[in-house]
Amino acid sequence: MAKAILVDTSQCIGCRGCQVACKQWHGLKAEPTVFSGSYENPVVLSAKTWRKVKFIETAAEDGSTRWRFLSDACQHCTDASCLAVCPTGALFRRSWGAVDLNQDDCNGCRYCAAACPFGVITFNEETGRANKCLMCPDRVEASLAPACVTTCPTGALTFGDRDQLMSRAQKRVAELKTKGEKNAQLYGERELSGLHALYILQEKPSVYGLPEKPRFATAGVFSGSLASILASV
């Protein structure tokens, strides 16, 4: 049965517990960072940071400042562009929906990074291979939730059967709308034939840096990959 992670942004407090748990479970090193005007740390996903919390500053109707938070990682798309363009079969799908990555088969071509409409796949300069969130298959196949989910103190992250999570998310969206959150919506139900990372949003997807209509992107993959390689050189 298809699994998914449900991210309820209305319950996220920006604690970064999920971010730290991901690093700890996968043995990902800390990254030296500097203040760049954002409370996000680090500012972007990387080969050493597979999940990060976005800090989004918005204005409420009364003009006051309002914070929105989003725990961001790979969306594990049903129609996954990365999977389609991978020439070596390094990217593959688990039976329960996650898009996994076999490091031994990755040749570092970066086609996947160029094709991903969410920009969540990164290139590891040290290993010469791609990296991204794998949804903790070692934990899931041992009947455990992904590391990020287990550490969330507010219930903003939930793991389970995708259909059940969608039903739960739809009820939560309806509840938020009754509380005045007119832009509340479920993201990921139908995008790219369904994502295995579902989001309860309080604003339009673009506010969170999510594409309003993500597309299956294969055109321009070679040129995008080449540009990435040249930039690295």
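View 1. Strand 2 is mostly tucked away, with six of its eight residues buried; buried here means under 20% relative accessible area, exposed means over 50%, and partly exposed is whatever falls in between (1.4 Å probe, protein chains only). Keep in mind that this is a predicted model, where local features need pLDDT of at least 70 and side-chain atom pairs count only at pLDDT 80 or more, while totals for chains, interfaces and linings use all residues. Residues are numbered from 1 along each chain as its sequence is written, and side-chain values use heavy atoms, with hydrogens and water left out. Helices (H or I, at least four residues) and strands (E, at least two) are DSSP runs, numbered from the N terminus. Strand 2 and strand 3 run antiparallel, joined by eight bridges; two strands pair if DSSP finds at least two bridges between them. Look for V53 opposite S71 of strand 3, and for K54, whose bridge partner in strand 3 is L70. The two strands make a hairpin with five residues between them, and G63 in the turn has a positive phi of about 90°.

**View 2. Strand 1 between two pairings.** Five of the six residues of strand 1 are buried, so this strand is mostly covered by the cut-off already given. With strand 8, strand 1 pairs in the antiparallel sense over five bridges, and I5 has F159 of strand 8 as its bridge partner. With strand 10, strand 1 pairs in the parallel sense over four bridges.

**View 3. Helix 1 and its covering.** Which residues of helix 1 are buried? Helix 1 spans residues 17-26, and the buried ones are G17, C18, Q19, A21, C22 and K23. Their cover includes strand 2 (52-59), strand 3 (65-72), helix 5 (147-151) and strand 8 (157-161). Just after helix 1, G27 takes a positive phi of about 65°.

**View 4. The largest nonpolar core.** In soluble globular proteins, nonpolar side chains tend to be buried together. A nonpolar core is a set of buried Ala, Val, Leu, Ile, Met, Phe, Trp, Tyr and Cys residues joined through side-chain atoms within 4.5 Å. The largest one here has 49 residues, of which I5, F118, Y199 and L210 touch the most other members. Elements giving two or more residues to this core include strand 1 (3-8), strand 5 (99-101) and strand 10 (197-201). Apart from this core lies another, of eleven residues, among them A4, M166, A184 and L198.

**View 5. Zooming in on F118.** What does F118 contact, leaving aside its neighbours within four places in sequence? The list is Q75, C77, Y187, L192, L195, L210, P211 and P214, where contact means heavy atoms within 4.5 Å.

View 6. Most residues other than glycine have a negative phi, and most peptide bonds are trans. L192 is buried, because its relative accessible area is 10%. R110 also has a positive phi, near 70°, and lies in the loop between strand 5 and helix 3 (111-115). With 10% relative accessibility, R110 counts as buried too. In the loop between helix 1 and strand 2 you'll find P42, joined to N41 by a cis peptide bond with omega of about -5°.

**View 7. The largest pocket.** Rolling a probe the size of a water molecule over the atoms shows where empty space is left. On a 1 Å grid over the protein atoms alone, a pocket is an open set of points where a 1.4 Å probe fits, with protein on both sides within 12 Å along at least five of seven lines, and lining residues have an atom within 4 Å of a point. The largest pocket has a volume of about 150 Å³, volume being the space filled by probe spheres set on the points. Its lining is G27, L28, K29, A47, K48, Q103, N124, E126, T127 and N131. By class, that makes two nonpolar, five polar and three charged residues; Ala, Val, Leu, Ile, Met, Phe, Trp, Tyr, Cys and Pro count as nonpolar, Asp, Glu, Lys and Arg as charged, and the others, Gly among them, as polar.

**View 8. K213 out in a loop.** K213 lies in the loop between strand 10 and helix 7 (221-232). Is K213 buried or exposed? K213 is exposed, because its relative accessible area is 75%.
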